[in-house]
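Visitor: Could you take me through the aromatic contacts here?
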Amino acid sequence: MVNKIRKMVSDGSSFDARTVSLRDYISKDDEPDGKYKILRRVKTPIQRIAVVRQKNGEVLVYGDGYVMFGTTEDENMWAEALVHIPMSAVQTPKRILMIGGGGGITTREVLRYTAVNKVTVIDIDDVMMDLGKTFKPLVKFNKGSLNNPKVRTIIKDGRAFVEKSQKQWDVIILDIPEPSYKALALGKLYSREFYRLLKKRLTPGGVIAIASSLLSEMPEFCWSIVATLKAAGYYVLPYHFDATEKYEQDWCFCIAATRPITPSDVNIQINTSFLTPEKIRDMLQIPLDYQRKWSDRMIQTDSNKVLARIHEQH
C-alpha cells in the first residue's frame with residue numbers, strides 16, 4: 001500500500017504517501033522495474049515532476065506520473081526518428097521551431113545539421129526546461145544543447161507563442177503529451193485550427209513533424225492526426241519506428257507539408273545510430289495491421305474531444 005511508503009528526496013525532506021501519493025508523481029504503469037531512487041520531486045503550476053535514478057544509473061523525468069524523457073537508449077531512438085526524417089525532407093533547414101523540447105534531446109539531434117542557425121525551443125514548464133539546462137546527467141546526455149548559442153528557449157504555451165509570433169520556420173517539430181480527459185487543453189495543440197495556423201509559420205518548402213503516440217496501442221490516434229492534418233490542407237506522410245522487439249512499442253509520427261511529400265523526399269545524410277537504410281525503408285511503410293481509414297469523425301478541433309476520447313479508450 002502506498003500510504004506506508006516513505007522515500008528520501010534531494011531536498012532532504014521525506015516523501016510521505018499519507019499526504020501525497022507516490023502515484024501522483026510516478027504512475028504504476030510507468031514505474032521503473034527494480035529499485036530506484038527519487039532524486040527530486042516538484043509540484044509546479046503545470047504538473048507534478050519527479051526525477052528518478054534507476055539502479056543502472058539511467059535517469060527518468062516524470063510529468064504527472066508518466067515518463068516525459070530520460071537518459072535511455074529508447075530516448076535516443078525516439079529523438080532520431082522524430083528529428084531526422086523531417087529534417088532530411090527539407091533542402092536547407094536553417095530555422096527550427098520545437099514545441100515540447102524541455103529535455104533538450106531532440107534539440108541535440110537538430111543541432112547536428114550544419115545549416116541550422118536558429119532553434120527556438122518552447123516548453124510550458126520552466127522546471128522541465130531548467131532540468132534540460134542544468135541537471136548534469138541530462139546536460140551530458142543532450143550535449144548541452146539547450147545552452148547552445150544557436151538555441152533560444154522560451155517558457156510559454158506553444159499555441160500562444162505561435163499565435164503571437166509572425167516568424168517562419170523551415171521545420172516545426174511537435175513533441176507533446178497526448179490529450180486526455182485530465183488534460184483537454186492539449187487538444188488545441190493537435191487541432192485543425194492550430195495546424196492551419198502553423199501553415200502560415202512555415203517557409204516555402206518547410207515541413208511539420210508531429211509525434212503521434214503509439215501505433216501499437218492506439219493506431220486510431222495516429223490516423224486521427226492524419227485526418228486532421230489533411231482537413232487543414234496538408235499533404236501527409238505518416239511513418240513509424242518499430243521497437244517492439246526490445247521495448248514492445250511501435251511509435252507513430254507524421255510529416256506534413258504544403259507540397260506533395262513522399263518517401264522519396266527522405267534522404268538522411270547524417271550518421272545515426274538506429275536509422276539504417278533498411279530501417280528507414282521499414283519506417284516509411286505502415287504495416288497493414290495498423291492502417292485505418294480516416295473520416296470527418298476523426299478530426300480533432302478546438303472544440304471537441306476526439307483525441308482525448310481515443311486516449312481514454314486505451
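Visitor: Are phenylalanine 241 and tryptophan 251 buried or exposed?
Guide: Phenylalanine 241 and tryptophan 251 are both buried, where buried means under 20% relative accessible area, exposed over 50% and partly exposed in between, with a 1.4 Å probe and protein chains only. This is a predicted model, in which local features need pLDDT of at least 70, side-chain atom pairs count only at pLDDT 80 or more, and totals for chains, interfaces and linings use all residues. Residues are numbered from 1 along each chain as its sequence is written, and side-chain values use heavy atoms, with hydrogens and water left out.
Visitor: How many aromatic pairs does a search of the whole structure find?
Guide: The search finds six aromatic pairs. Rings of Phe, Tyr and Trp (its six-membered ring) pair if their centres lie within 6.5 Å; planes under 30 degrees apart count as stacked, over 60 as edge-to-face and the rest as tilted.
Visitor: Why is the pair of phenylalanine 161 and tryptophan 169 tilted?
Guide: Their planes stand at 45 degrees, with the ring centres 6.0 Å apart, so the pair counts as tilted. Phenylalanine 161 is buried at a relative accessible area of 10%, and tryptophan 169 is buried at 0%.
Visitor: Which residues form one aromatic cluster?
Guide: The cluster is formed by Trp78, Tyr239, Phe241, Trp251 and Phe253.
Visitor: New topic: which charged end sits over the ring of phenylalanine 241?
Guide: That of lysine 279, at 4.4 Å from the ring centre. A charge sits over a ring if NZ of Lys or CZ of Arg is within 6 Å of the ring centre and within 35 degrees of the ring normal.
Visitor: What lies over the face of tyrosine 234?
Guide: Lysine 199 does, 5.7 Å from the ring centre.
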